[in-house]
2 protein chains.
Amino acid sequence: MATQGVSRRDRVRQATLAEIRAAARRLLIEQGPAAVTINAVAREMGMSGPALYHYFAGHEELVGAVTADFFRELTAVMEAARDSYPAGDHARRLLATCRAMRTWAITHRAEFGWVFASPITSERRPDSPRELAGRDFEQVFLEEITELWTARPFPVPAPEELDPSIREQLRAYTAATGVGLPVEAVHVFLSCWIRLYGLLCMEVLNQLDFAYSDLGPVYEECLREIAPRLGLDYDAAAGRAPAS
Amino acid sequence: MATQGVSRRDRVRQATLAEIRAAARRLLIEQGPAAVTINAVAREMGMSGPALYHYFAGHEELVGAVTADFFRELTAVMEAARDSYPAGDHARRLLATCRAMRTWAITHRAEFGWVFASPITSERRPDSPRELAGRDFEQVFLEEITELWTARPFPVPAPEELDPSIREQLRAYTAATGVGLPVEAVHVFLSCWIRLYGLLCMEVLNQLDFAYSDLGPVYEECLREIAPRLGLDYDAAAGRAPAS
DNA sequence: TAGATTTGCTTAGAGTCATTAAGGAAACAT
DNA sequence: ATGTTTCCTTAATGACTCTAAGCAAATCTA
């Protein structure tokens, strides 16, 4: 009766895997990153320690799986926000994506902080679920920017204005990932990305608490500065009040 | 024979404290953040575990002390770079400070990464050595900006252009810290700070590896963009080749 | 359907960590 | 010389990761 290749066992296993990740997430949210231990997760669901090793090779793999979940959830939220505007409305779609990213980040501080600070751990294999989900996340922006570029190219620096080293690095990047954008356009995109994502990361990692208690308007100002660099009209696309 | 108030015992104790922090740093550099445990540090210097509790109240305090060391070292390096130019040469002094910050960060990746990612841990008391050293670090920039502002005010947005929420937050910040700058000037300064420090943090936390292998030129470009916002002439102050 | 195999869990155990407690020996003070 | 402080040790508790050995039920095979 089971669908081709999906036995009852498989289903139960998937359910248990999901429950494990949910328990890990609950611990992260309620007691912080340090509380997400193999033992605590197992205890949380009435299993005893070593049982989890039938589902994850070790602590690190569990962490990676949960992180991948977060990436996927964030990606989905951003895509949904983007798709609430028609395909051609690049300004609104991009701004909505950016705002959805911060909204998710601050309503899921623990999760976002974990995603960002986890690279501190060991080296990462490029085919792990975590890396795959991370690339899908990047892809959301990259796709939208690519569409924007093909529909209405934004201003880019002249080729000779771009530092040769940067040019070479971006050439390698576009070649490796198959991005169909000229390096100058990628450079503009990444400049914006660094500003926006960097700001968000500093906020979530509490690096700006010394001066700010609410970075919502600062983020909004960042968007306002970035928009014209991508040839977008921020004011015309004002989607919501610039509050937190 | 001992100097007033500094007994032999005191000297020995200070030496041991220094040795402990040095051992902790060595472990951090050679084996990563996770290797900096009370036991490992003690083992490293031929002592056995609990002995360290005579010097630090616990693991967290040790970490805080080492972090404070890093802040102090970074601060000193930045001040030295700054002071290699005469007091009036604001452009060169500020750029030298910024460059010294990145140079230290990438030649001491483990240390800088630890400083940045450590806020993830527990809450911090405002009078810990770590916090004090952190404030001294901020102070380097704040002082230079203040001198720059008094000597040659840079362009600031009109009061009504500044978001009311941001204005209020910055008013509270300047009031609490005694910064002698108008909020508009603080806003410009912090905008620049966020861009520069955010970029550095993303670099050290490997958030940009997917596209860049050498962020030296990107950092330099960031400086070039920031300089005019502070009324400084980047090209006139070109201190060194914009390489990594 | 009987037997073999796989799967999901258990407990036991080794080795690590942080931290507290108790005690000995040396340094110091009076 | 005696008492006190300081530095360090070992012992012990309870947490953690992870491996090993083994039991029982589900699943597959013939």
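How many nonpolar, polar and charged residues does the surface near DNA strand C have? The legends below take up this question and others on the predicted model.

**View 1. The surface near DNA strand C.** By class, this surface has 7 nonpolar, 10 polar and 5 charged residues. Of the 22 residues around DNA strand C, those that come nearest are Ala51(A), Thr37(B), Ile38(B), Pro50(B) and Gly58(B). Two or more residues each are given to this surface by helix H1 (8–31) of chain A, and by helix H1 (8–31), helix H2 (38–44) and helix H3 (59–82) of chain B.

**View 2. The surface near DNA strand D.** DNA strand D is surrounded by 22 residues, and the closest are Thr37(A), Ile38(A), Pro50(A), Gly58(A) and Ala51(B). Here H1, helix H2 (38–44) and helix H3 (59–82) of chain A give two or more residues each, as does H1 of chain B. The surface near DNA strand D divides into 7 nonpolar, 10 polar and 5 charged residues.

**View 3. Chain A on its own.** Chain A has 9 helices and 0 strands. Its C-alpha atoms fill a box of roughly 60 × 45 × 40 Å along the principal axes. Of the 244 residues in chain A, 38% are buried. Among contacts in chain A between residues at least 6 apart in sequence, 64% join residues at least 24 apart.

**View 4. The contact of chain A and chain B.** Chain A and chain B each bring 30 residues to the contact. On the side of chain B that touches chain A, at least two residues each come from helix H5 (109–117), helix H7 (164–177), helix H8 (183–204) and helix H9 (216–229) of chain B. H8(B) gives the most to this side, with 7 residues. The side of chain B that touches chain A has 19 nonpolar, 6 polar and 5 charged residues.

**View 5. The axis between the two copies.**

**View 6. The largest nonpolar core.** This core holds 137 residues, of which Ala24(A), Leu196(A), Cys201(A), Ala24(B), Leu196(B) and Cys201(B) touch the most other members. Leaving aside residues up to four places away in sequence, Cys201(B) touches Gly198(A), Cys201(A), Met202(A) and Phe116(B). In soluble globular proteins, nonpolar side chains tend to be buried together.

**View 7. Helix H4 of chain B.** The 18 residues of helix H4 (residues 90–107) of chain B should span 26 Å at 1.5 Å a residue, and the end C-alpha atoms, 25 Å apart, agree with this. Of the 18 residues of H4(B), 14 are buried, so H4(B) is largely enclosed by the rest of the structure.

View 8. Asn206(A) lies in the loop between helix H8 (183–204) and helix H9 (216–229) of chain A. Phi of Asn206(A) is near 60°, a positive value in a residue other than glycine. Most residues other than glycine have a negative phi. Asn206(A) is partly exposed because 13 other C-beta atoms lie within 10 Å. In chain B, Asn206(B) lies in the loop between H8 and H9, and the phi of Asn206(B) is likewise positive, near 60°. Asn206(B) has 14 C-beta neighbours inside 10 Å and so counts as partly exposed.

Methods. Residues are numbered from 1 along each chain as its sequence is written. Chains are lettered from A and ligands numbered from 1 in the order in which they are written. This is a predicted model: local features need pLDDT of at least 70, side-chain atom pairs count only at pLDDT 80 or more; totals for chains, interfaces and linings use all residues. Two residues are in contact if their C-beta atoms, placed from the backbone, lie within 7 Å. Helices (H or I, at least four residues) and strands (E, at least two) are DSSP runs, numbered from the N terminus. Ala, Val, Leu, Ile, Met, Phe, Trp, Tyr, Cys and Pro count as nonpolar, Asp, Glu, Lys and Arg as charged, and the others, Gly among them, as polar. A nonpolar core is a set of buried Ala, Val, Leu, Ile, Met, Phe, Trp, Tyr and Cys residues joined through C-beta atoms within 7 Å. A residue is buried if 20 or more other C-beta atoms lie within 10 Å of its own, exposed if 12 or fewer, and partly exposed in between; C-beta atoms are placed from the backbone. A residue is near a molecule or strand if its C-beta atom, placed from the backbone, lies within 6 Å of it. The expected span of a helix is 1.5 Å times one less than its number of residues.
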